[in-house]
Amino acid sequence: MSAQRAEVRVEDQAEVMGTRERILEVAMELFTEKGYDKTSLREIAERLGFTKAALYYHFESKEDILRALHMRLHEFGRDALMGLGPEPVTLEQWEELTDGLIEQMIAQRPIFMLHERNQAAVESLHSDAHDADHEDLQAAFTRVFNDKRVPIENRVKMASAFGALVGGLFVSGEAFMDVPADEMATMLRDAVHRLLH
C-alpha cells in the first residue's frame, strides 16, 4: 500500500472519530436539556445537519449513543488504576491517582448531569460487556482496599478519599454544577488530601 493511500485512511479514520465525537456531544446536550426519552435520533441528526441515515453509520440506535456516553465514566482513572503494579499502594500514589481522577472528572462534568437527569435510561443499559467492565474496575479497587500489606488505617483513608471524590462529583448530582470547574477541582483536591493525611 502506498504511503499516500495510508495517509488518506488515517485522515478518514480521524474524520469518522471526529464526527462520532460531535454526535456524542450534541446527544449529551439534548439528553441533558430534554431528557433521553424525549430526544429523537432525528433531532440529533438535525442539530448536526445530518440525515438520520448518516447517524446510523456511526450508531445503530439511540441506546448505543447513550451507552457510548455512559462508558466515558468507565474511563476515568482506568489507566492509572490498572497500571498500579503488584506492590502495595502508598498514600502518595493514591493521592496522585485521585488528583488525576479529579482533573479527568472535572473536564467531563456534563456527563454527571446527563446521568443525574437520565437515571432510568442509564440503568437500562446493563449488558454482559458493560457488567464485565464494571467488574474489572471493581476488582482493581477491591485489590487495593483488601491488600493486607497496606496498613488498615491507610486503606480506610484511601477508600474514604475515593468516596469523597465520587460523592463530590457524582452522588451530589447537580448540587455543585454552578461552582466554577477550577474552584471545584481545588476544593475536591483539598478534601481528598485531608482524608489521606
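The axes of helix 6 (residues 91-107) and helix 10 (residues 152-171) come within 11 Å and cross at roughly 5 degrees. Axes here are lines fitted to C-alpha atoms, for helices over the stretch in contact, with angles running from 0 to 180 degrees between N-to-C directions. This is a predicted model, where local features need pLDDT of at least 70, side-chain atom pairs count only at pLDDT 80 or more, and totals for chains, interfaces and linings use all residues. Residues are numbered from 1 along each chain as its sequence is written, and side-chain values use heavy atoms, with hydrogens and water left out.

**The whole chain**

- The protein comes to 11 helices and 0 strands, with helices (H or I, at least four residues) and strands (E, at least two) taken as DSSP runs numbered from the N terminus.
- Of the 197 residues in the protein, 39% are buried; buried means under 20% relative accessible area, exposed means over 50%, and partly exposed is in between (1.4 Å probe, protein chains only).
- Among contacts (heavy atoms within 4.5 Å) with a separation of 6 or more, 74% join residues 24 or more positions apart.

**Helix 6 against helix 10**

- Helix 6 and helix 10 are therefore roughly parallel to each other, a label for angles under 35 degrees, with over 145 counting as roughly antiparallel, 65 to 115 as roughly perpendicular and the rest as oblique.
- Helix 6 brings L91, W94, T98, L101, I102, M105 and I106 to the contact, and helix 10 answers with N154, K157, M158, F162, L165 and L169.
- Sorted by type, the residues of this contact are 10 nonpolar, 2 polar and 1 charged; Ala, Val, Leu, Ile, Met, Phe, Trp, Tyr, Cys and Pro count as nonpolar, Asp, Glu, Lys and Arg as charged, and the others, Gly among them, as polar.

**Helix 6 by itself**

- With 17 residues, helix 6 reaches 24 Å from its first C-alpha to its last, close to the 24 Å expected at 1.5 Å a residue; that expected span is 1.5 Å times one less than the number of residues.
- The buried set in helix 6 is L91, W94, E95, L97, T98, L101, I102, M105 and I106.
- Leaving aside residues up to four places away in sequence, E103 touches A185 and R189.
- E103 and F76 sit 27 residues apart along the chain, with 9.5 Å between their C-alpha atoms.

**Other helices and a loop**

- In helix 2 (residues 41-48), L41, I44, A45 and L48 are buried.
- Those four cover an arc of only 95 degrees around the axis, so they are on the same side of helix 2.
- G49 follows helix 2 and has a positive phi, near 80 degrees.
- Helix 4 (residues 62-75) has 14 residues that should span 20 Å at 1.5 Å a residue, and its end C-alpha atoms are 21 Å apart, which agrees.
- K62, I65, L66, A68, L69, H70, R72, L73 and H74 are buried in helix 4.
- G83 lies in the loop between helix 5 (78-82) and helix 6 and is exposed, with a relative accessible area of 57%.
- G83 and A140 are 57 residues apart in sequence, yet 9.8 Å apart in space, C-alpha to C-alpha.

How values were computed:
Arc of directions from axis to C-beta.
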